[in-house]
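Please look over the entry below before reading the points that follow. They are numbered and can be taken in order.

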Amino acid sequence: MHSDWRCDDCGDVAPFHVAEHISSEILDSVRLRTAPTIDHMPLWCPWPLPPGWMVTGVGWAGDDRAGVRATALSCSGPDPLGGGPADLVLIAEQPGVGLGTRFAGIPGIDPGHLVTEALGECDRGGHAGPHAKIKVGGHPTPLWCVKSPEDRSAYVSEAKGMWLYAVAWPASAGYFLAEHVVLHDLSDGVPPELVYGAPSPYLHGKA
């Protein structure tokens, strides 16, 4: 008997849990869960939130036996290019989980080859730098845009020794990351001013 889920393409994967609603109490229940081999899993959140943006969901991958191996937090707000609402899902995961690739809509459980491909395309195009730069946990962090379905944009990086994904809907919402974005690890504390909104459809199964 084991608690892993089975993916037809990737084999055994860690089960994914999504809170039905979102509040400071629910965030606390996720951020205080134990993780194997480390003190805690990062739970990334833009802070301060841009005007009009709210936290709209939280989830985690793992089980009681293996602990938390990935976290996901969704935010919603106005599309930076106008034209309606936008959603952003931020994922921190240990290698070999595959949660980020699932939301990004890309095959496999490891994005390393896609990052390498993105780096190669930058070199061929004469662009030496990353596609976006943000601050994560107090450190400047490059983000690389990887190929994904046309309805979204997906960026990948590394933070605290783990994969970091930022997946945005619609694709134009990826320009959110061109602004001065700072990600705060909610595992270190939840700001009391954090604003919560209706559950994100993408975190709850639309993606």
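How do the residues of the lining of the largest cavity divide into nonpolar, polar and charged?

1. Basis. This is a predicted model, in which local features need pLDDT of at least 70, side-chain atom pairs count only at pLDDT 80 or more, and totals for chains, interfaces and linings use all residues. Residues are numbered from 1 along each chain as its sequence is written, and side-chain values use heavy atoms, with hydrogens and water left out.

2. Cavity lining. The lining of the largest cavity divides into four nonpolar, three polar and two charged residues. Here Ala, Val, Leu, Ile, Met, Phe, Trp, Tyr, Cys and Pro count as nonpolar, Asp, Glu, Lys and Arg as charged, and the others, Gly among them, as polar. The lining consists of Val30, Arg31, Arg33, His40, Met41, Leu43, Val68, Thr71 and Ser187. Helix H1 (24–31) and strand E6 (67–78) are the elements that give two or more residues to this lining. Helices (H or I, at least four residues) and strands (E, at least two) are DSSP runs, numbered from the N terminus.

3. Cavity count and volume. A cavity is a set of points on a 1 Å grid over the protein atoms alone where a 1.4 Å probe fits but cannot get out; lining residues have an atom within 4 Å of a point.

4. Partners of E12. Strand E4 (residues 44–46) pairs with E12 in the antiparallel sense over three bridges, whereas strand E8 (residues 132–136) and E12 run parallel, joined by two bridges. Pairing requires that DSSP finds at least two bridges between two strands. Leu183 is the bridge partner of Pro46, and Val136 also stands opposite Leu183.

5. Backbone items to check. The Trp47 to Pro48 peptide bond is cis, with omega near 5 degrees; Pro48 sits in the loop between E4 and strand E5 (54–63). The bond from Trp169 to Pro170 is also cis, with omega near -10 degrees, and Pro170 lies in the loop between strand E11 (162–169) and E12. Lys160, a residue other than glycine, has a positive phi near 55 degrees.

Definitions and conventions:
1 Å grid on protein atoms, 1.4 Å probe; cavity = no way out; pocket = protein on both sides within 12 Å on 5 of 7 lines; lining within 4 Å.
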